[in-house]
Amino acid sequence: MNKAKMQVISAGVFFALSLLMLLGTTFAYFSDTKQVTNTITVGNVAIELTEAAVKNDGTGNLIEDTSAPRIKGGSDTTIRDYGVIYPGISIFKDPTIKNVGSSEAWIAAKITFTDGAGSIDRVIGYEGAAGIDMRMLLGGALLDESSHFGTWNGIPNVRYNDKYAIVQSADALSGEYNFYIFFHNTFAPGEEAVLFDHFSIPDDWTSQMMQEFRELTIHIQAFGVQVFDLDSCYEAMTKAFATHFN
């Protein structure tokens, strides 16, 4: 049986836009000695990207290790190497974005598949269309929710419902496939969302199919932007993170 090695990378990206503010301004009230202090408090935008630690269940699958603390992504890339994968393997993986700031925020995620020397579109690609179906490998949580497939915000081939929209940008030539997840509603302080909860390989895949995954990397990023005068998550991300959401 041919086997492939897979890395899954989690990275948290934190972002806050600044507001012009007036702090601690003091002025005389008419001509007496009383004073009025004007203070404007501005909330902060902070997000957190975490996932559970895992352990071997004795059969080769990796399940959630509830006894270990959750693993946090950071501004620098956090690499998790799961070693050898094989048909039928299941890995518990639950990347969770949480608003840990004091203000409401627009939240989005970007999941990047890079196949290295492989060509995964031959295995999980859409017939007659550029792109791959990441639900062939990832599942649970948000990805298992029912959704439509069509045009959204003028962009074709988008999977969406009343909670989120997933836009894919595929470059089969370079072997890179980006999925942009836009949440329609803002996240209140303390609110969180789980993107998916497992990675798995179908047990009927052949050695030839596995070869297309011999250098697979999955990169996950989370983004948060203050609400202020931004009317949608799509507008917030394309303005604040133009290099990522181009």
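1. In what order do the four strands of the open sheet run, and is the pairing parallel or antiparallel? The order is β7-β4-β10-β17, and the pairing is antiparallel. β7 and β17 (192-194) are the edge strands, each pairing on one side only. The model is a predicted one.

2. The overall content comes next. The chain has three helices and 19 strands. It holds 246 residues, of which 43% count as buried. Take the contacts between residues at least 6 apart in sequence: 71% of them join residues at least 24 apart.

3. Strands of a sheet pair through backbone hydrogen bonds, either parallel or antiparallel. Here β4 pairs with β10 over four bridges, in the antiparallel sense.

4. Lys72 sits in strand β7 (residues 71-72) and Glu48 in strand β4 (residues 47-51), so the pair links distant parts of the chain, 24 residues apart. Lys72 counts as exposed because its relative accessibility is 55%, over the 50% cut-off. Glu48 is partly exposed, at a relative accessible area of 21%.

5. Glu51 and Lys93 meet through their side chains, at 2.5 Å from N to O. Glu51 lies in strand β4, while Lys93 lies in the loop between β9 (90-92) and β10 (96-99), so the pair ties together parts 42 residues apart in sequence. Are these two residues buried or exposed? Both Glu51 and Lys93 are buried.

6. Glu145 pairs with Lys163, and their closest N and O atoms are 3.1 Å apart. Glu145 is in the loop between β12 (138-139) and β13 (148-152), and Lys163 is in the loop between β14 and β15. The two residues are 18 apart, and the pair links distant parts of the chain. Glu145 counts as partly exposed, at 27% relative accessibility. Lys163 is also partly exposed, at 37%.

7. β13 and β14 run antiparallel and are joined by four bridges. Trp152 has Ile155 in β14 as its bridge partner. Two residues lie between the strands of this hairpin. Asn153, in the turn, has a positive phi of about 55 degrees.

8. The largest pocket has a volume of about 300 Å³. β15 gives the largest share, five residues.

9. The make-up of that lining, by class, is as follows. There are 13 nonpolar residues in the lining of the largest pocket. Four polar and three charged residues are also part of this lining.

10. Why does Ile124 count as buried? Its relative accessibility is 2%, and the cut-off for buried is under 20%. Beyond its neighbours within four places in sequence, Ile124 is in contact with Ile132, Asp133, Met136, Leu137, Trp205 and Phe213. The C-alpha atoms of Ile124 and Glu212 are separated by 10.0 Å, and these residues are 88 apart along the chain.

11. Helix α3 is the last item. It covers residues 233-240, and its buried residues are Cys233, Glu235, Ala236 and Met237. Which strands do the buried residues of α3 pack against? They pack against β11 (105-114), β16 (176-183) and β19 (215-226).

Technical notes
Residues are numbered from 1 along each chain as its sequence is written. This is a predicted model: local features need pLDDT of at least 70, side-chain atom pairs count only at pLDDT 80 or more; totals for chains, interfaces and linings use all residues. Side-chain values use heavy atoms; hydrogens and water are left out. On a 1 Å grid over the protein atoms alone, a cavity is a set of points where a 1.4 Å probe fits but cannot get out, and a pocket is an open set with protein on both sides within 12 Å along at least five of seven lines; lining residues have an atom within 4 Å of a point. Grid points are joined across faces, edges and corners, and a volume is the space filled by probe spheres set on the points. Ala, Val, Leu, Ile, Met, Phe, Trp, Tyr, Cys and Pro count as nonpolar, Asp, Glu, Lys and Arg as charged, and the others, Gly among them, as polar. Buried means under 20% relative accessible area, exposed over 50%, partly exposed in between (1.4 Å probe, protein chains only). A salt bridge is a side-chain nitrogen of Lys or Arg within 4 Å of a carboxyl oxygen of Asp or Glu. Two strands pair if DSSP finds at least two bridges between them. Contact means heavy atoms within 4.5 Å.
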